[in-house]
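Keep the structure open while you read.

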Amino acid sequence: MTTTPQQDTQETVAADARDTAEAGESDAGRRGGGGSGAWRAGIRRAVHIVSGPGPWKRGPVLTALALLLGLLMLLHARIPDGFKNLGSLVETFLPWFGLFVPVLLAGALWRRSASAVAALLLPVLVWLNLFGPLLGDKSHPGGDLTVVSHNVGADNPDPAGTARGLAASGADVLALEEMTGQARDAYEKGLAKAYPYHAVKGTVGLWSRLPLSDTRTVDVAMLGMAGPLAENLSAEEKAATPRALRTTVATEQGPLAVYVAHLGSVRVNPRAGLSTRQRDDGAQALGKAVAAERNERVVLLGDLNGTTDDRAFAGLTSQLRSAQETAGDGFGFSWPAGFPVVRIDQILVRGVEPQRSWVLPATGSDHLPVAATVSW
């Protein structure tokens, strides 16, 4: 039976009264030469303290929820994906699980539950261990090259305006994803003055102030392409539409291999849950391409439709570092543009040192552009 704070207070007052009376009796016993009364009174008081209602016995449900939250974040990599890709879903929104801590803390304080407050130390410590380093500003001045990646959005109502905004960003290398055939001319015209070199493969492209060479398509297993880009394409066109490329940028410090990729979208199916097969297959193919890359200096730009916490990207994150995690300020959320809650647009590097990572202002897309400066 759950007791109310008033009942706890009444029972405590009654117990104190009994203990006072018993103590008086024990004093009388001592005056009469007996010590057994005092011994029995002490035992009864100890039993009352241990077994009676108190702050360590209140809020067992809150205590259990706090421990469950901590274990969920601590063991997120062990959550199986077999049930509607639950593991991937948890890892995508993992930072937001920290919001449950103040909610549970408020409940623990209202119930005056010391056990629940103590149990909350587990999720707090786990969250700080996972995401604490992202809270500070790790950026550094300087840098040799500025790169920008932007999913411009197939439904972007103003591609020309988006092109002008990106040209004004000061990027040396600019990657675009989700370009439609109708909008491609607008991007090429809008970026031509600032970027004399560019390469386009299917729906992705790279614009550069520096010469490009050895540009080729990267197969990211998009045979089942879906989404806005695929609405007007036949099955043959979907299979033949590249969504990733690889090129070499000639810098003063030497050649830099740059990959641009737009992996498959994550779909929500009422029966199957979170559908990530296309994205996961693409991530695996992209990881193999990077592993086979001979150039020691590599930059991957793109909309990966997933966070670096997601196990699906282990093949990439084991080889490349996130510019945001290394040299960013905060989480750098990029989607959706109106109220960003996840970072699915990534800048990953190898062989170069990120100096700064940030998010650019919104354009006509539902994604925010992401940027970074790197040095050798």
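Two strands count as paired if DSSP finds at least two bridges between them. Helices (H or I, at least four residues) and strands (E, at least two) are themselves DSSP runs, numbered from the N terminus.

A bit of bookkeeping before going on. This is a predicted model, where local features need a pLDDT of at least 70 and side-chain atom pairs count only at pLDDT 80 or more, while totals for chains, interfaces and linings use all residues. Residues are numbered from 1 along each chain as its sequence is written, and side-chain values use heavy atoms, with hydrogens and water left out.

How confident is the predictor? On pLDDT, its per-residue confidence from 0 to 100, the protein averages 86, and 80% of the residues score at least 70. Residues 1–10 fall below 50, and this stretch has eight contacts (heavy atoms within 4.5 Å) beyond near neighbours in sequence. Residues 235–239 are also below 50, with six such contacts.

E3 and E4 make a hairpin with two residues between them, and Gly202 in the turn has a positive phi of about 65°.

The other open sheet, also of six strands, has the order E5-E6-E7-E10-E12-E11, again with mixed pairing. Its edges are strand E5 (212–217) and strand E11 (321–322), each with a single partner strand, so one side of each is left without a neighbour in the sheet. Helix H11 (residues 277–291) lies across strand E7 (254–262), E10 and E12, and runs at about 175° to E7.

| Strands | Bridges | Example partners |
|---|---|---|
| E1 (residues 145–151) and E14 (residues 370–375) | five | Val147 and Ala372 |
| E3 and E4 (residues 204–208) | five | His198 and Trp207 |
| E10 (residues 298–303) and E12 (residues 345–350) | six | Val299 and Val349 |

**Charges and a greasy patch**

Take a salt bridge as a side-chain nitrogen of Lys or Arg within 4 Å of a carboxyl oxygen of Asp or Glu. By that rule the count comes to 10. One of them joins Arg184 to Glu188, with the closest N and O atoms 3.0 Å apart. Both residues belong to helix H9 (residues 181–191), four residues apart, or about one turn of the helix.

On the surface, Leu86, Leu89, Phe93, Trp96 and Leu99 form a nonpolar patch with about 400 Å² of accessible area together. Patch members have over 30% relative accessible area and no salt bridge; like charges are joined within 9 Å, and nonpolar side chains (Val, Leu, Ile, Met, Phe, Trp, Tyr) within 5 Å. The areas come from the Shrake-Rupley method with a 1.4 Å probe, and for residues only the protein chains shown count as cover. Leu99 sits in the loop between helix H4 (86–92) and helix H5 (100–111).

Most residues other than glycine have a negative phi, and most peptide bonds are trans. Glu178 is not a glycine, yet has a positive phi of about 65°; it lies in the loop between strand E2 (173–177) and H9. Trp335 and Pro336 are joined by a cis peptide bond, with omega about -10°. Pro336 is in the loop between helix H13 (323–327) and E12.

Methods. pLDDT is the predictor's confidence in each residue, from 0 to 100. Axes are lines fitted to C-alpha atoms, for helices over the stretch in contact, and angles run from 0 to 180 degrees between N-to-C directions.
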